[in-house]
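Here are a few exercises to work through with the model open beside you. Try each task before reading its solution.

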Amino acid sequence: MKFVTYRASVEAAARLGVVVDDLVVNVGALAAAQDKVLPDTMLGLIDAGRAGLDTLRDCLGSAAGRFPAGTATAIGNVKLLAPIPRPRKNIFGIGLNFVEHVAESAKSLDTSKDLPKQPVVFSKPPTTVIGPGDAIEHNKKITQQLDWEVELAVIIGTTARRARKQDALSHVFGYSVMIDVSARDNRRAGQWIFSKGQDTYAPFGPCIVTADEIPDPQVLDLWLTVNGVEKQRSNTRHMLFKVDHLIADISSGITLEPGDIIASGTPEGVGAGRNPQEWMWPGDVVVACVEGIGTLRHPVVDATPEENCRAEAS
């Protein structure tokens, strides 16, 4: 199944929807129409586990494509939000997880040319998340090196603590797309959180596809363009550490909980690795896609700090 978080109108509350053909079906309303109860948020559905998904399948089967009035809307008529608009805790980012990206980073970012022996893990705060179509903010007072990275996002469905690699994928609820935006000139003593953790630096969506529809996450094409020009194209089979390895590694010391997100790393083609280097600027449009999941499209806009706005207004 394919799930979205959406608004049916500007004033409407965010709702959980399941995509059926070209419709978004309100999960909570569909269940209520059949005298059943289902959550109306993505985190609530993840928490409901297999029982929640089974109930929804029953509801969809009973509807047989004829949805009660007010429960279904054409997907083109809704505003899609980030599937999880506010994650419960930091996103787990993975650095240097494609061999070619290790090489390009060593040339341009002073990272080691040797392949990492363990996953390189960093974090992005929940406040980095934006939904489909929302603007990536470029603050010229902070960065002159705003970069792009397309990534497969992994959404955890059940608690994983010291998970075995062979069992790791059983903890996955589903998969999505994320752009790991980075201010390359904002690393501090080798630490990445300010470089990668600023507001709007985690475009996320447009949906979550459940794990049963992607039984092997290591066969997916992914690509990214800037202003229509292709910058990245690869396949998740080229990951140095596969999704099962990432889950096992992180959970060896940090418990993964339902709703947690892992951004699993990017292939070569980032702006920092190009000769000459390229960066995103206000007016640019970045588009990212992962096969079988969907496409994100985001404008880059100038972000003037609030204090400067107030000064100009006065």
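Two strands count as paired if DSSP finds at least two bridges between them. Keep in mind that this is a predicted model.

**Exercise 1. Which residue of strand 3 stands opposite V19, and how do the two strands run?**

Step 1: Start with the bridges. Strand 2 (residues 15-20) and strand 3 (residues 23-26) are joined by 4 bridges, and they run antiparallel.

Step 2: Find the partner. V19 faces V24 of strand 3.

Step 3: Look at the link. The two strands make a hairpin with 2 residues between them, and D21 in the turn has a positive phi of about 55°.

Step 4: Carry on to the next strand. Strand 3 also pairs with strand 4 (residues 72-74), antiparallel again, over 3 bridges. Here L23 sits opposite A74.

**Exercise 2. Is G174 buried or exposed, and what is it in contact with?**

Step 1: G174 belongs to strand 12 (residues 172-179).

Step 2: Check the area against the cut-off. Buried means under 20% relative accessible area. G174 comes out at 0%, so it's buried.

Step 3: List the contacts. Skipping neighbours within four places in sequence, G174 touches A153, V154, I155, I208, V209, T210 and A211.

Step 4: Zoom in on one of them. T210 is 36 residues away along the chain, yet its C-alpha atom is 4.0 Å from that of G174.

**Exercise 3. What is the strand order in the open sheet of 5 strands, and which strands stand at the edges?**

Step 1: The order is 9-19-18-15-16, and the pairing is mixed.

Step 2: Pick out the edges. Strand 9 (136-138) and strand 16 (229-235) each have a single partner strand, so one side of each has no neighbour in the sheet.

Step 3: Strand 15 (residues 221-226) and strand 18 (residues 285-290) are antiparallel partners over 5 bridges, with L224 opposite A288.

**Exercise 4. Which residues of helix 5 are buried, and what covers them?**

Step 1: Go along the helix, residues 243-251. The buried ones are V243, L246, I247, A248, I250 and S251.

Step 2: Look at what lies over them. The cover includes strand 6 (91-95), strand 7 (120-124), strand 11 (150-156), strand 12 and strand 17 (261-263).

Step 3: Link back to Exercise 2. Strand 12, part of that cover, is the strand that holds G174.

Definitions and conventions. Residues numbered from 1 in each chain as written. Predicted model: local features only at pLDDT ≥ 70, side-chain atom pairs only at ≥ 80, totals over all residues. Heavy atoms only, no water. Buried < 20%, exposed > 50% of the residue type's maximum accessible area, 1.4 Å probe, protein only. Contact = heavy atoms within 4.5 Å.
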